[in-house]
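Here is a friendly briefing to read alongside your model. Please keep the sequence and the 3D view open as you go.

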Amino acid sequence: MSSDATSRGTEATAGPPNHMPLAGLRVLDLCDVRGDLCGRLLADLGADVLRIEPPEGAASRRRPPFAPGSGSAGSTGSEAFSLHFAVRNANKRSAVLDLTTDDGRARLLALAGEADVVVESFRPGHLAALGVGPDDLLAANPGLVVASLSDLGQTGPDRDLVVTDDVLFGLSGWLHLSGVPGKPPLLLPGALASDTVGVAGALAVLVGLVHRARGGGGQHLDVSALEALAQMNTWGIANASDTLNRGSLPPAVRSGDSPMYPTVDCADGKVRLVVIAPGQWRALWEWMGSPEAFADEYWAGFFNRLMNLDVINPLYAEHWAGLEMVEGCREAQRRGIVATPLLSPGEVLADEHFASRGTFLRTEVAPGPTGSEDATSGAMVSGLWEVDGRRVGHRTRAPSLGEHPAEFTGPRFSLASSLDDTSSGAGGSLPLEGLRVADFGHGGVGVECSRILAEYGADTVKVESHAYPDFIRIVLGGEMTASFASSSRNKRCLGLDLKHPEATSVLDPLVEWADVVVENNSTGTMDRLGIGWEALRERDPSLVMVSSQLMGSRGLQAGWSGYGPTLQTAGGLSWLWAFDDGEGPPGSNAIHPDHLAGRICAIGALAAVIGRDRGASGAHVEVAQVEAMMATLADLFLLEDLAPGSARPRGNDSPEGAPWGVYPCAGDEQWAVVCVRDDDDWAGLRRAMGDPEWARDPAFGNFAGRDAARRVLDDRVSEWTVGLAPGEVQDRCQAEGVPAGRLVRTVDQVADPHLAARGFLAEIDQPGLTGTTTFEGSCFTGSAMPRPRQEPAPMIGEHTRSFCVGDLGMDPGLVDALLDSGALEQYQPAE
């Protein structure tokens, strides 16, 4: 992009509001069950999203959880009010079209001719068989962006597998390290696969719109839920590949909480404690009364403490035993120690910090019965973004079936991209080529945001120094890890010490160069460095800044520090991610929601750039990391608000059907996920099992009977699966149309035939790592765009001189002087 602010639309007077950058965008939403969140996110950002439903209503309307007293699994029509649907379809309109009829298909094609975007999640080939597939839609409107959000992608040997969110969770690599030995691997509460592909779909649509604005035309986007979920699995594939390259085997069995993030009992609950850095240990040691036995500097070393957990953990337990959960965490945070409370959904709803932020909005979530004014109101998560201090999210309740006409009205969406290179379509450039991103991120949020933008062409420069390196880079003692390489691929690195008194000599031209600044530092850090939003906006009013803090930049606990796993406790996930046996959460090694928050940031960044190019000003986009996670549990918080005590840990049970869970297979720690959604699935499972005598009991013929007999059915199904390999369980169930899948480990994914066939696995020769490393690739591709970039991550200061002189236009003599002073540093490869 041009560094001249006037070329970015800042002189325009009639752009969309900063908080509604997609105003006027016309979206036809045909997603159902999987990916409903895609249209919701586009609608939150201002798009006019028209949900197309069949006469009986979308299947999502029948997906639990349900409002108290309104229905249960298997309910239909007006019997059930789905909170899942209510959350993921707010801000949309609803119209009915019967696509099994000629008239319904003709009306859909006519609407497509007036639309900008179509998003759909039918099984691959279904719409094409009806004559309204992506090719037909593009023939009706060559400028259309068509996003297909499917379970396993539009191609590949496994594309037609019948799955649920939980089957995808098992196939994605997440499940095998969730939980503890002695219990089955533990499924995640909520609908993470559905929501993740919705987030990826929204990002894909924005990339497609920029591509179209640069002359790329319309196209078909292939978005895979499996790949989107695998991308978010704590850099699992990259770490498995690196471990194999170093001659070891990756972990194959779950072990609960990472020892880096232990859960500790306190006077009235539990807290998650993180003591990694020497300063954190010293602060805790002083708080514990400076015990002489641990005064030696030896104990300041994290790995030394890790090797002595039998001594350290009782020390922690004794200290916390007399402390209250929330107040203890507040004192810990005040002392610079990372600790967060293990909150239940009810406690989250009542939490003072979330109240101070307006995290929940009490609003209408469903209309009352016909002729009644008694609408249902409840606590809805208010939104994922704040733009210039204004919350962006829920405005209107989810629509009733067919509440709106099947038409678009109002001004049309227009976008003239300010990217310098307008040859994207004809010349084969990536859609975001020319977008300039200054990355001040670290860990797993900001860096993932900027890496995704770089993947689709943005010129991303990571700002880092040996004085203040990205801790993910150095966590293993060297200067490169597989996790860092994954999150900082495709970037250049500027070696700049931000606290050096001469840093401003570089920061000024850097800000002038950048279109987007990304950061996820502790609240107030950027302001203290002189590069907070107000300072940057004064330098360049057209700049887009994306900030993401742990608990948000405002509120009672805005100053808290922590990591993804600490958010799982503070945001209610850990409490729910447990068996209902009173033993509490067994834990997982996942750093969720870091990756999710990074993707939400990328959507916010790109939406703000689009808004600016439509005539809006620059904008400050903020994402509270804890709220990104809480949004995927919003229906459970709503359920808890409507019926206190009803949102509880369910283990591997699901209100969507029974039997349902993770079942043991032949061999050591071999498992398969099997899900029976309805009576047809039950009949199919009976056939897959050879229709044993016990399964013919009429009591199991409907959901109510199977729900009442869950434990009996789990035992019986386990007796069948334990004699078969996981793949055989999957194959037998799939042959009968029953959702089932083997538990896949990250080591299996490195050579997975389906992922390989789709080109998802990216092989990179990464300096600092051994051999060729396999990374998670891109979870969406486009029919009119080149394959996304997959290039190595940089070393600290690898591009300092070339970037300062060649891109920032700095005098070479000044660069030399700054290198001599230590403000800048240049990577020197070993001889």
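**Backbone, strands and a helix pair**

Thr-234 sits in the loop that links α8 (225-231) to α9 (236-245); helices here are DSSP runs of H or I with at least four residues, strands are runs of E with at least two, and both are numbered from the N terminus. The model is predicted, so local features need pLDDT of at least 70 and side-chain atom pairs count only at pLDDT 80 or more, while totals for chains, interfaces and linings use all residues. Residues are numbered from 1 along each chain as its sequence is written, and side-chain values use heavy atoms, with hydrogens and water left out.

- Most residues other than glycine have a negative phi, and most peptide bonds are trans.
- Thr-234 has a positive phi, near 50°, and is not a glycine.
- Thr-234 is buried, with a relative accessible area of 15%; buried means under 20% relative accessible area, exposed over 50%, and partly exposed in between, using a 1.4 Å probe and protein chains only.
- Glu-669 is another residue other than glycine with a positive phi, about 55°, and its place is the loop between β20 (660-664) and β21 (671-675).
- Pro-64 and Pro-65 are joined by a cis peptide bond with an omega of about 5°; Pro-65 belongs to the loop between β2 (48-53) and α2 (83-88).
- His-592 and Pro-593 are also joined by a cis peptide bond, here with an omega of about 20°; Pro-593 lies in the loop between α24 (573-576) and α25 (594-613).

- Strands of a sheet pair through backbone hydrogen bonds, either parallel or antiparallel.
- Strand β5 (residues 145-150) is largely enclosed by the rest of the structure, because six of its six residues are buried.
- Val-145, Ala-147 and Leu-149 point one way from β5, while Val-146, Ser-148 and Ser-150 point the other way.
- β5 pairs with strand β4 (residues 117-120) in the parallel sense over four bridges; two strands pair if DSSP finds at least two bridges between them.
- β5 also runs parallel to strand β6 (residues 219-224), joined to it by six bridges.
- Val-146 of β5 is the bridge partner of Val-118, and Val-146 has His-220 as its bridge partner in β6.

**A three-stranded open sheet**

- Three strands form an open sheet in the order β20-β21-β22, with antiparallel pairing.
- Its edge strands are β20 and β22 (740-742), each of which pairs on one side only.
- On average, neighbouring strands of this sheet are turned by 20° against each other, direction ignored.
- Five bridges hold the antiparallel pair β20 and β21, and one of the bridge partners is Cys-675 in β21, which faces Trp-660.

**Helices α34 and α35**

- The axes of α34 (residues 800-807) and α35 (residues 812-821) come within 10 Å and cross at roughly 145°; axes are lines fitted to C-alpha atoms, for helices over the stretch in contact, and angles run from 0 to 180 degrees between N-to-C directions.
- From α34, Thr-800, Arg-801, Cys-804 and Val-805 make the contact, and from α35, Pro-812, Val-815, Asp-816 and Leu-819; contact means heavy atoms within 4.5 Å.
- The residues of this contact divide into five nonpolar, one polar and two charged, where Ala, Val, Leu, Ile, Met, Phe, Trp, Tyr, Cys and Pro count as nonpolar, Asp, Glu, Lys and Arg as charged, and the others, Gly among them, as polar.
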